[in-house]
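Have the viewer open while you read.

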Amino acid sequence: MQRTMLKAKLHRVHVTHSELHYEGSCAIDEDLLDAADIREYQQIDIYNVTNGERFTTYAIRAQRSSGVISVNGAAAHKANPGDILIIATYALYTELELQKFHPKLVYVDERNRIIAQRDEISVQAA
């Protein structure tokens, strides 16, 4: 059996650009791509914390250390500069692989600079 698990997430990144007429995708600062082990052209799910939109697209590279998060093409209708997003990737894992499984969780500041990296989410208190 295989399970689909959260592989990585960029938590609460801020949209810097929304380019309706740019080729569809989401441009992400290369530092963030590396930290979350997201490859260019990899499918990503985007959850817009600001407006509740949820959509799927693919990642492309934005200039390293730029802080750029640009939602492009048709998806530009779903996110505006200043919106807060969670960008997630998922992967299939076997039960054996799950014994060593840990997601890559990347946390940023308001300028999309990495402030923390973890491999688990704290238990939610009652």
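A polar contact here is a pair of N or O atoms within 3.5 Å, where one must be able to donate a hydrogen and the other to accept it. Keep in mind that this is a predicted model. With that in hand, take Asn72: its side chain makes a polar contact with the side chain of Ser70, at 2.7 Å. Asn72 sits in strand E6, residues 69–72. Is Asn72 buried or exposed? Its relative accessible area is 3%, and because the cut-off for buried is under 20%, Asn72 counts as buried. Leaving out neighbours within four places in sequence, Asn72 is in contact with Glu19, Tyr22, Glu23, Gly24, Ser25, Cys26, Ala27 and Ile60.

Now zoom out to the sheet. It's an open one of nine strands, with mixed pairing and the order E2-E6-E3-E5-E4-E7-E1-E8-E9. Strands E2 (17–19) and E9 (114–118) are the edges, each pairing on one side only. On average, neighbouring strands are turned by 30° against each other, direction ignored.

Some of the strand pairs look like this:

| Strand pair | Sense | Bridges | Residues facing each other |
|---|---|---|---|
| E4 and E5 | antiparallel | five | Gln43 and Tyr58 |
| E4 and E7 | antiparallel | four | Ile46 and Ile87 |
| E8 and E9 | antiparallel | four | Tyr107 and Ala116 |

E4 is a mostly covered strand, with five of its six residues buried. The hairpin that E4 forms with E5 has five residues between the strands, and Gly52 there takes a positive phi near 85°.

What about the nonpolar core? In soluble globular proteins, nonpolar side chains tend to be buried together. The largest nonpolar core in this model has 23 residues, and Leu10, Ile28, Leu85 and Ile87 have the most contacts inside it. At least two residues each come from strands E1 (2–14), E3 (25–29), E4 (43–48), E5 (54–62), E6, E7 (84–94) and E8 (104–108), and from helix H1 (30–36). Which element gives the largest share of this core? That's H1, with four residues.

Not counting residues up to four places away in sequence, Ile87 touches Ala8, Lys9, Leu10, Val13, Cys26, Ile28, Ile44, Asp45, Ile46 and Ile69. One of these, Ile46, also stands opposite Ile87 in E7.

How values were computed. Residues numbered from 1 in each chain as written. Predicted model: local features only at pLDDT ≥ 70, side-chain atom pairs only at ≥ 80, totals over all residues. Heavy atoms only, no water. Buried < 20%, exposed > 50% of the residue type's maximum accessible area, 1.4 Å probe, protein only. Contact = heavy atoms within 4.5 Å. Core = buried A, V, L, I, M, F, W, Y, C linked by side-chain atoms within 4.5 Å. Pairing = 2+ DSSP bridges. Axes fitted to C-alpha atoms, helices over the stretch in contact; angles between N-to-C directions.
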